[in-house]
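Colleague: Could you walk me through how to read a fold like this one? I'd like the general idea each time, then the case at hand.

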Amino acid sequence: MRKILITGANKGIGLASTRAILEHDPDCFVYLGSRDAERGEAARASLGELAARVQVLPIDVSDANSVAQAAGSVEGPLYGIVNNAGVAGLANETVLEVNVDGPRRVCEAFLGHLQEGGRVVNVSSASGPSFVATCSPSRQKELTNPEIELTEWETLFAEYRESGTDNAYGLSKALLNAYTLFLARTQPGLHVNACTPGFIETDLTRPFAEARGSTPEAMGMKQPTEGTRSTLHLLFGDVPSGWYFGSDAERSPLDRSRSPGDPPYVE
């Protein structure tokens, strides 16, 4: 049985991905990561018969102790890790803590559980490449460098943290994409990639519509079930390592946006 961990899986894209994975492959088992165990159990129950292949895993990616405890309770080997947990619209430090530090904590704690050839999917956002597009040429080069070292990445992260930004969410996803490049290079036995699910209606995006006096539908947001395509492709498809994919499961650039349906990015 192929075991997959999904963080932030008690609602939204994480829960939709859990269902999609279980429906895609009857040999899959999902550790449904949730900060709140009770909400996790409610999410598990909503899966009906599929719930037999689900175990709720209490995990708060912003808490190192919580991540370590979760890693200690998982029975490997794992086939895949989906770093889906994320936040937006909160204090800059909170956004960076969850969206950047969180996936790093999870990877460092769980990589030892991954089987040879296992998959790591970092759920990112088109906001990452859009952020990079606004940076200076030197910053763009640093944030998209496939040879980036962990110390260089940490320095970038620290500098941005200290200087502050008006777009913490976009920055967090740009840094997550850069971390994906580092991890892919240093873990050659794994498939490590990032992707955007698209503009999906979730608790994270709904406030954007409300702030504009609009509705998710009017703003073009899609349902969570439509945000699972790229994640499934990176888990089960024939993919390389160290790439970033659009919501249409096609390779996309790290330094500018690419719309679904456009030709795939080629270096």
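Predicted model: local features only at pLDDT ≥ 70, side-chain atom pairs only at ≥ 80, totals over all residues.

Colleague: Is strand β6 largely enclosed or open?

Modeller: As a general idea, side chains in a regular strand alternate between the two faces of the sheet. Here, four of the five residues of β6 (residues 191-195) are buried, so the rest of the structure largely encloses this strand.

Colleague: Now the helices. What do I look at when two of them pack?

Modeller: Two packed helices are described by the angle between their axes and the distance between those axes. In this model, helix α7 (residues 150-163) packs with α8 at an angle of about 175°, the axes being 10 Å apart. Angles over 145 degrees count as roughly antiparallel, and α7 and α8 are therefore roughly antiparallel to each other.

Colleague: Which residues meet between α7 and α8?

Modeller: From α7 you get Leu150, Trp153, Leu156, Phe157 and Tyr160; from α8, Leu171, Leu175, Ala178, Tyr179 and Phe182. The contact divides into 10 nonpolar residues, no polar and no charged.

Colleague: And how do I read the nonpolar core?

Modeller: In soluble globular proteins, nonpolar side chains tend to be buried together. The largest nonpolar core here has 45 residues, and those with the most contacts inside it are Leu5, Leu78, Val106, Phe110, Leu143, Trp153 and Leu175. Helix α8 (residues 168-186) gives the most to this core, with nine residues. There's a second, separate core too, with 26 residues, including Ile21, Val30, Leu32 and Val239.

Colleague: What is phenylalanine 110 in contact with, leaving aside its neighbours within four places in sequence?

Modeller: Phenylalanine 110 is in contact with Leu5, Leu57, Ile59, Val67, Ala70, Ala71, Val74, Leu78 and Ile81.

Colleague: Last one: what about the backbone at alanine 249?

Modeller: Alanine 249 has a positive phi of about 65°, although it is not a glycine. You'll find alanine 249 in the segment after β7. Buried means under 20% relative accessible area, so alanine 249, at 12%, counts as buried.

Key
Residues numbered from 1 in each chain as written. Heavy atoms only, no water. Core = buried A, V, L, I, M, F, W, Y, C linked by side-chain atoms within 4.5 Å. Buried < 20%, exposed > 50% of the residue type's maximum accessible area, 1.4 Å probe, protein only. Helix = DSSP H or I, 4+ residues; strand = E, 2+ residues; numbered from the N terminus. Contact = heavy atoms within 4.5 Å. Axes fitted to C-alpha atoms, helices over the stretch in contact; angles between N-to-C directions. Parallel < 35°, antiparallel > 145°, perpendicular 65-115°, else oblique. Nonpolar A, V, L, I, M, F, W, Y, C, P; charged D, E, K, R; others polar.
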